[in-house]
Each structure stands twice: as structure tokens, then as C-alpha cells.
Amino acid sequence: MIAEIGHFALMLALVVALVQSILPMAGAARGNHSWMATAAPSAIVQFLCTAVAFGCLLYSFSVSDFTVINVAQNSNSLQPMIYKVSSTWGNHEGSMVLWVLILALFGGMVAMFGGNLPPTLKARTLSVQSMVAFGFLLFILATSNPFERLNPPPIDGRDLNPLLQDIGLALHPPMLYVGYVGFSISFSFAIAALIEGKVDAAWARWVRPWTLLAWIFLTAGILLGSWWAYYELGWGGWWYWDPVENASFMPWLVGTALLHSAIVVEKRDALKTWTILLAILTFSLSLIGTFLVRSGVLTSVHAFATDPERGVFILALLVIAIGGSLALYAWRAPALKGGGLFAPISREGSLILNNLLLTTACATVFIGTLYPLLLDAMTGDKISVGPPFFNATFVPLMIPLIIALGFGPMLSWKRSDLKGVVQRLQFALVVAAVVTAIAAYITWGRSIFGAIGLGLSGWLAASVLIEFGSRIGIGRASAGDVLRRAVGLPRAAWGMMLAHLGFAVLAAGATGASVWQDEAIQSIKPGDSITIANYEFTLRNVDNVRGPNYVAQRGVFTVKEDGTLVATLAPERRRYLVQGTDTTESAIYSNGIADLYAVLGEPQGQGRWIAKVYFKPLVPWIWLGGTIMVLGGIVSLTDRRLRVGAPTRKQAPTPASAPAPAE
Amino acid sequence: MSATSTGRTPATRKKKRLYAVLAGLTMLGVAAALVLTAFEDNIVFFYSPTDITQKDLRPGQTVRLGGLVEADSVKKADDGVTTEFVITDTNKTISVRYAGLLPDLFREGQGVVTQGTLGSDGIFLASEVLAKHDENYMPKEVADALKKSGNWKETEK
């Protein structure tokens, strides 16, 4: 019964989405206010319908209703409740329901909180949002019904893929989806603006908080996924440039560019067409990512669907959405009026450089990800493009980005004086030089890139702090004054400082992880030790333990540094009983600066085991830095400007935005 | 905006756009150069055992070798860390040597993808044994290679 209610709610949502796609759009075109006014209530109803559907599915999973095929195939009555719940989205059908739920959620939020939007813009935005929802609801109902019944029901379910039975992966998909799918609302705003033929500072202010919200969740989702790969896969890496990872990283890169270019639209009324294009591209990359991971063209833990019919359906949606929006862009964008002028050396100029570097970096990731698929389709040759490719293309583009990022926030709008900025950043140059020298000394003979990477991170962190310090008057004003200024500073300025600082910390972590780790693999028996980088890992014993739906062998390692105990690590080898699959659970001790990491390998007989241990300096900084970036986003989102500062759109252009030819 | 800059609008605007376009083109050029050189050095081809015996590999060329792990072929060396096994596409076989932790899903009779170099003694020295976590654990490349050699059975997945 519950499953039928869910199925029915999805159909209702489809009908509502159809109405919402057409009526407000037509109303906006004909100036019919009552038609336009249907947009907000129908967006809320659409959200409620999809929420009911998702709730029903969640319920079926939580009570282990194995008469539903989807539950029987992806859950098991022995799973802990949290993994029963996360099984809801740990499969193709359920994850698509989550997809439309988040689409509808963002539509509903704009309907609820977008009271100050001009009626036509609101109607058109919600209408476009609903068109996307309609396509995906149709996809679910036509090819991926999650509520299909099974008769007779099995006694127990097939269990969730054991690799997904982990807290990191329980939270990763919803986070990632809120980010990924959240960019749909920037897309809808962009399409609506193209139809209206008007983009101005007010538009940018409406779009930015939604983009920022999506960006925060996408960043957090990618971080969680990376963290999961780090401790769950047991290979000790944090980023593999796997196509599936790239699929979520590409929208992040362009979405980050979008966040920055929207600032230029808001402050200086320039870069409008470019910003619109970025909004379209960001969501298009989200759609491409969905296609890549859901169509089965890639083999990975995420590829639930290997049904070609589904792949073709998503591909068709993709072509319509991306093709349609780009066609509209080509037709309407030239009509948008250009805005403020600026010299190349200026805040605007630096933000353009940021955008160029981020989008170019995204393009290299795009080529590296899709070229193997294309080559396979055209010639049948199978190739793989791995980390060496991305290290040779992506990393060189990040170096100028970090250098420029030190200068950017110091430059003034319109026209700036680079020499003066360099003078003010002298201290950061000193910091960079000192850090580089120290890093080079410590790691002499290993890799020059470690010293360069850390030097760049030092440069960025120092210049971010100098910029922030000069804003709050450190060195010029009294302590009380500095405090007052710091409190009075717009939250957006705090957010920018945190996000950029987080990036510096993350860059340092990534550098450490890629050039300085130590590792050893040995066959040992209890009592034996492996020593790396001054740490002595001793295997004490191996026990058999039992979990709710698995059995495991747990090795206990003690780690000593110069004879004193620093950590006890207990990695496991688990066998999940239902699917009969083995997983490796690594054990990690982190002191905030470096990680000690141990993995228990296969038994060798005669009480011997393969063990792999790592010393990973700076790796914790990757997540620390990412978390600071997320925090920066959150702080920036609470800026009052984004909440109350944009109630009205300027009626007539002020003299400042002088009439000018199209940009 | 000041009156002077408004007066200079057309020329400045064109100039500004020229700068932006030039910067964009430069960036594209740099990216194209990076991508092309990286492709030159870093593309890794996937071969089945049959392919690899037919191709002339450069000495030291990194390739991926995939197929089924032959039954009863997995042996541990005395150091306890090095594993030797045979990869087959049911047509030809190649011996593989690998020092490291095998992925959880590594089993005899199942599909596997390894990355490494072919030694002059004909033994493939793997630097990586890849675990692509497909739940049926049949890497796509391996499935396609088996289909090509006519040994693909639907039941195998």
C-alpha cells in the first residue's frame, strides 16, 4: 500500500510538473498575472508530491518490505538502520527519486523565499526548473520505477553493496546531489533571464545565494567522497582522477567560476553573457555527470544502471536540455547589454583570469574523462587516461591560479596599481620564500614539487591574511578598533577570506599527500614490526570479530615513535555474509599534521599476514582545508546583503551604467 | 563612471574585449599544448593477452592487461608479498608478477585489470592490480575482450 502511494505521488508530481512547465511561462509571455501566480504554489505541491514519494520509498526500506523489488535487491533485514535508510539512495531507482526531490526542493525554496523576485522572472525560473523535473520524472516512471512489486517476496534481501555500508557513503550522495542538482536553479535563473532579455546587478544578487548554497553542498559532498575513498578503499589515496570523481569535479570547477563571475555582474554590471553561459555550463556538466555515472558507460561503484534503455533516455534528456539552452543562449545572449569598463589590471581583470583558469582546467579534465569513451566508441581502442595525465595538465593550471589568487582580492575595481599591491604583499613573498626553503631542506633529494607546492600555499595563506588584516586595520588602528572593524566587516568578506585560506591549506595537504608519503608492505606474524619514517608498527595479534551482517579478522597494531606509544590501530578484513564479498577496513591515526595508516592484507598461512602501512604527512589538511572552504561558503551565505539587500530591481538605468553597445 | 571614460567608450570597450579574447586564446593554447603533450606520454592502452602477443610494445611502455585470472594459477613468492598469477582470455595466457596488496575482489576465475610493463622474459610486471568495484566484478574492458575472442558467456557476469 505504501509503495503504491509513493508511485501515485510520483505520477501526481509529473502532472504538476507539466502544468508548471507551461502555464507560468505562457502567463509571463502574455502578461497574464493569474497564470504566472500558479508557479509558486505548484512548485510547492510538486515538492510535496516528490517528498511523499521519497518518504514512501524510505519507509519501505526502513521496514525491509521485500515485496518491493528495489528493497529486496538492495537491502537486508540485518543491516543497521542507518544503512537501511541509506540503501534508499544506494541504488539507481532510489537515487533518481532523490534527484527529482532535490530539483523540486530548490524550486520549492525559490517559491517560498523568492517573494521579492519580479513576478515574470519568478514565473519563468520556476517554469524552467519544472521542465527539467518533468524530464526526470518521466525518466523514472518510464524506465526506473522504484516501487515495482515482487511476488512472491524473498525471505531476505540481497544486501546493500558492502562498500557502500559506511557512514561516509551514507551521507555522500545526498550532499553531492544537493550540490549537483542545486545548480539547476542557477540554470533556471539563467534561462529565465535569457527569455526576459535582462541581466542586471539585482539578477546577480538573486542568483548568487542559490549558487553558493549548491556550491557549499557540492564541495562538502566531494570531500566526503574523497574521505571515503581514502579510508574505505584501503589504497591510501584521496583522489584518483577516476571518471566518476571527475564527473562531480567538473561542475564544481565551473560552478566556482560562476560564483566569482556573478560578483562582477553584481558589483560592476559586466561579464553578463559570460555569467549566463557559466550557469548553463555548470548544470550541463551536472547532467553529463549524471549520464556518465548512471548510464553504465563507466564501470564503478556508482554505475547502478547497465540497462541501455536508461542510458539512451538520459542521453536524450541531456541533448534536449544542453542543446536547447545553448541554442537559446546563441539566439538571445547578444541582446544583453554590456556594462562597466575596466582595465586588465583590476579586480574584474583578476576575476576574469580566475574564470579562464578554472574553465580551462575544467576543459582539460573534460577531455581526459571523455576522450577514452569517444575513442572506444569510434575505433574500439581501449585506453585509460590516469593520474599522470591530470597531473600534467590540471596541476600546471593551478599554479598561476594560486599566484594570481594572492593578488586578486587586493586589486581595486576598474583600475588598479600592480606595483602598489606587490609592495603590500612583500611580506607574503618573504613567507613563500621561507616556506619553500624550509620544505626544500626537509625533503632534499625527494621532489622539488613538494617545496614549490608548499611555497605556493604559504604565499596564498600569507597574502589572504595580509589582505584581511589590512581591511580590519591591523597595524594602523588600536586593538579595540580592529575588533570592532572585524565584527562589522561584511560576512561575505569573512567568507572570502576563509574560502581562500581553506584552499591554501588544501593545496598544502594535496602537495604533501602526493610527494612525501612513506609506505611499506611486508608479510609479518604477530610480534613482528615494520618501521617507516621513525614509526615502528608492531602487529600484536589478530582476532576474529563479528558484526551485525559480517564477520571480520581484526589485526591490532601498536605504533611507537622512539620507543613511546603513539597509537593503536585496528584494521579489519570483513566478509559480508549475504553477498559473500570481502572488504578491507583500514585503520587511521591522525595527529592533525600527519596520518598513520594501516591495512591488514590476506592471511599467508602459518600465522603470517600481509600488512601495508603508510606514513602520510599533511593529508589531514586536505579535509581541514576543504572544511574551511565550506565554512567560508556558509559564512558568506549569511551575508545580509544576500538576504535583505536586493528587494527591488532598479527601474531605470543609473548614469553609471551608461548606454553601451552589446557586450 | 566618469565622463572621460564614457567618451572613450567604443575604443576602450573594443580594447578591453581584445584583451579578454587574447587572454582566452592564450589560455586555450596553453591548455591544448598541455593536453597534447600529456596525451603523448600518459595514455595507457588496454590489451588482452592475445592483443599483447601481437603488438610490438616499446620496452618499458606502460599498458593495461586484462582478462580472467586462470584457475589454480595464483602463487605466492617466498617473501609473502609478491604474487604470481596467469591472465587468460581463453585464447592466450600471460604470466603476471605483482608485489602488493591484491584488491578485495581479486579471485581466481574472475575478471581482472592490471597495469604495468611487459618484461623481456614475457612476464608482465604489474604495478597496479585494479579493483573496479562493479558489483558483478567483470570489468567492461575484459567483458569486451572476451566477447571479441568469442568466449563471452552471458552467465559469466
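A residue is buried if 20 or more other C-beta atoms lie within 10 Å of its own, exposed if 12 or fewer, and partly exposed in between, with C-beta atoms placed from the backbone. The legends below use that cut-off. This is a predicted model: local features need pLDDT of at least 70, side-chain atom pairs count only at pLDDT 80 or more, and totals for chains, interfaces and linings use all residues. Residues are numbered from 1 along each chain as its sequence is written, while chains are lettered from A and ligands numbered from 1 in the order in which they are written.

View 1. A:Leu336 sits in the loop between helix H12 (308–332) and helix H13 (347–379) of chain A. Helices are DSSP runs of H or I with at least four residues, strands are runs of E with at least two, and both are numbered from the N terminus.

**View 2. A:Val435 in helix H16 (residues 426–442) of chain A.** A:Val435 has 21 C-beta neighbours inside 10 Å and so counts as buried. Two residues are in contact if their C-beta atoms, placed from the backbone, lie within 7 Å. Setting aside neighbours within four places in sequence, A:Val435 is in contact with A:Leu454, A:Gly455 and A:Gly458. A:Ser457 is 22 residues from A:Val435 in sequence and 8.9 Å from it, C-alpha to C-alpha.

**View 3. The largest nonpolar core, with 215 residues.** A nonpolar core is a set of buried Ala, Val, Leu, Ile, Met, Phe, Trp, Tyr and Cys residues joined through C-beta atoms within 7 Å. Which residues have the most contacts inside this core? They are A:Val100, A:Ile102, A:Leu103, A:Leu137, A:Val254 and A:Leu460. H9(A) gives the most to this core, with 20 residues. Another core, of 21 residues, lies apart from it and includes B:Tyr47, B:Phe85, B:Ile94 and B:Leu118. In soluble globular proteins, nonpolar side chains tend to be buried together.

**View 4. Contacts of A:Leu460.** Neighbours within four places in sequence are left aside here. The contacts of A:Leu460 are then A:Ile402, A:Leu405, A:Gly406, A:His500, A:Phe503, A:Ala504 and A:Ala507.

**View 5. Helices H19 and H20 of chain A.** The expected span of a helix is 1.5 Å times one less than its number of residues. Helix H20 (residues 619–637) has 19 residues and should span 27 Å; its end C-alpha atoms are 28 Å apart, which agrees. Buried residues of H20(A) include A:Trp621, A:Ile622, A:Ile628 and A:Met629. What covers the buried residues of H20(A) includes helix H9 (201–232), helix H19 (491–515) and strand S10 (594–605) of chain A. H19(A) reaches 36 Å from its first C-alpha to its last over 25 residues, close to the 36 Å expected. H19(A) is mostly covered, with 23 of its 25 residues buried.

**View 6. Strand S5 (residues 550–561) of chain A and its partners.** Two strands pair if DSSP finds at least two bridges between them. Strand S4 (residues 535–546) pairs with S5(A) in the antiparallel sense over 11 bridges. A hairpin of 3 residues joins S4(A) to S5(A). A:Val545 stands opposite A:Ala552. S5(A) also pairs in the antiparallel sense with strand S7 (residues 572–576), over 5 bridges. There, A:Tyr550 stands opposite A:Tyr576. Strand S6 (residues 564–569) pairs with S5(A) in the antiparallel sense, over 5 bridges. A:Leu565 in S6(A) is the bridge partner of A:Lys560. Between S5(A) and S6(A) the hairpin has 2 residues, and A:Asp562 takes a positive phi near 50 degrees.

**View 7. Chain B, with 4 helices and 7 strands.** Along the sequence, chain B follows α-α-β-α-β-β-β-β-β-β-α. Of its 157 residues, 34% are buried. Among contacts in chain B with a separation of 6 or more, 51% join residues 24 or more positions apart.
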